[in-house]
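Student: I am new to this structure and would like to learn how to read its features one at a time. Please show it to me first.

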Amino acid sequence: MTDLKEIAAALHGMEYRSPISKDICEAAKNAKIVIVYGASDDLMEFDGAIRDEIDCYDGGSVFLDSGGLCRDFNELCESKDFEGLRKYFDGIGKRKMIEAIWGRDGISWQYETDVPHEIFDIMEDGEVYCRGIVFRLGDE
C-alpha cells in the first residue's frame, strides 16, 4: 500500500478503540503517508510517517511543513529554542493547517485542511465516530 486511496480504503470502517494494524502503519510510514484521526474527546492522533498526539479538547489546529508538525510558538519561547524560533519565523506563509472539528453533524471528530488528502470513517456502534484523513508528507 503506497497510495492514499489504498490506505484510506484499508482504514475505512474500522472500529473506534481498535488499533490500526502494524502493517498499515508501516506501509504508511514507508510511503510518507500520515494518518490523522481523533481519540477520546481531546486528542488528534497521528500515525504512519508522523507518530504523535496533540491535545485539542473541543477542537483545535496544528500546522505542518514539509518536515512534519511544526513546534508550538509558546513552547519554543519557553524553552528558549532560538534556532527553533528562527525556523518558525522562516516558515511563516509556507505552512498548512489541519483543523480538528469536534462534534459537528453528529460526528465526534472531523478534519479540515488544504493539504491534498483522502477521507476514511472510524465507526462506533454502527455510527461514524470520526472522519479521519490521510495525506502524503511533502504534499502540503
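Student: Which residues of α1 meet which residues in α2?

Tutor: Contact means heavy atoms within 4.5 Å. In this predicted model, Ile-7, Ala-10 and Leu-11 of α1 meet Ile-24, Ala-27 and Ala-28 of α2. The contact divides into 6 nonpolar residues, with no polar and no charged ones. Here Ala, Val, Leu, Ile, Met, Phe, Trp, Tyr, Cys and Pro count as nonpolar, Asp, Glu, Lys and Arg as charged, and the others, Gly among them, as polar.

Student: How are two packed helices described?

Tutor: By the angle between their axes and the distance between the axes. Axes are lines fitted to C-alpha atoms, for helices over the stretch in contact, and angles run from 0 to 180 degrees between N-to-C directions. Helix α1 covers residues 4-11 and helix α2 residues 22-30; they pack at about 160 degrees, with axes 11 Å apart. Angles under 35 degrees count as roughly parallel, over 145 as roughly antiparallel, 65 to 115 as roughly perpendicular and the rest as oblique. The two helices are therefore roughly antiparallel.

Student: Is the crossing of α1 and α2 left-handed or right-handed?

Tutor: A crossing is left-handed if the near helix is turned anticlockwise from the far one by less than a right angle, and right-handed if clockwise. The crossing of α1 and α2 is left-handed.

Student: What do the names of helices and strands rest on?

Tutor: They are DSSP runs, numbered from the N terminus: helices are H or I runs of at least four residues, and strands are E runs of at least two. Residues are numbered from 1 along each chain as its sequence is written. Local features need pLDDT of at least 70, side-chain atom pairs count only at pLDDT 80 or more, totals for chains, interfaces and linings use all residues, and side-chain values use heavy atoms, with hydrogens and water left out.

Student: Why does Glu-45 count as buried?

Tutor: Buried means under 20% relative accessible area, exposed over 50%, and partly exposed in between (1.4 Å probe, protein chains only). Glu-45 is buried because its relative accessibility is 7%. Its place is in strand β3, residues 43-48.

Student: Which side chain is joined to that of Glu-45 by a polar contact?

Tutor: A polar contact is a pair of N or O atoms within 3.5 Å; within protein, one must be able to donate a hydrogen and the other to accept it, and residues adjacent in sequence count only if both atoms are side-chain atoms. The partner is Arg-51, at 3.3 Å. Beyond four places in sequence, Glu-45 also touches other residues, including Ile-35, Tyr-37 and Asp-52.

Student: Where is Arg-131, and what polar contact does its side chain make?

Tutor: Arg-131 is in strand β10, residues 127-136. Its side chain makes a polar contact of 2.7 Å with the side chain of Asp-121. With a relative accessible area of 27%, Arg-131 is partly exposed. Among its contacts beyond four places in sequence are Trp-109, Tyr-111 and Phe-120.
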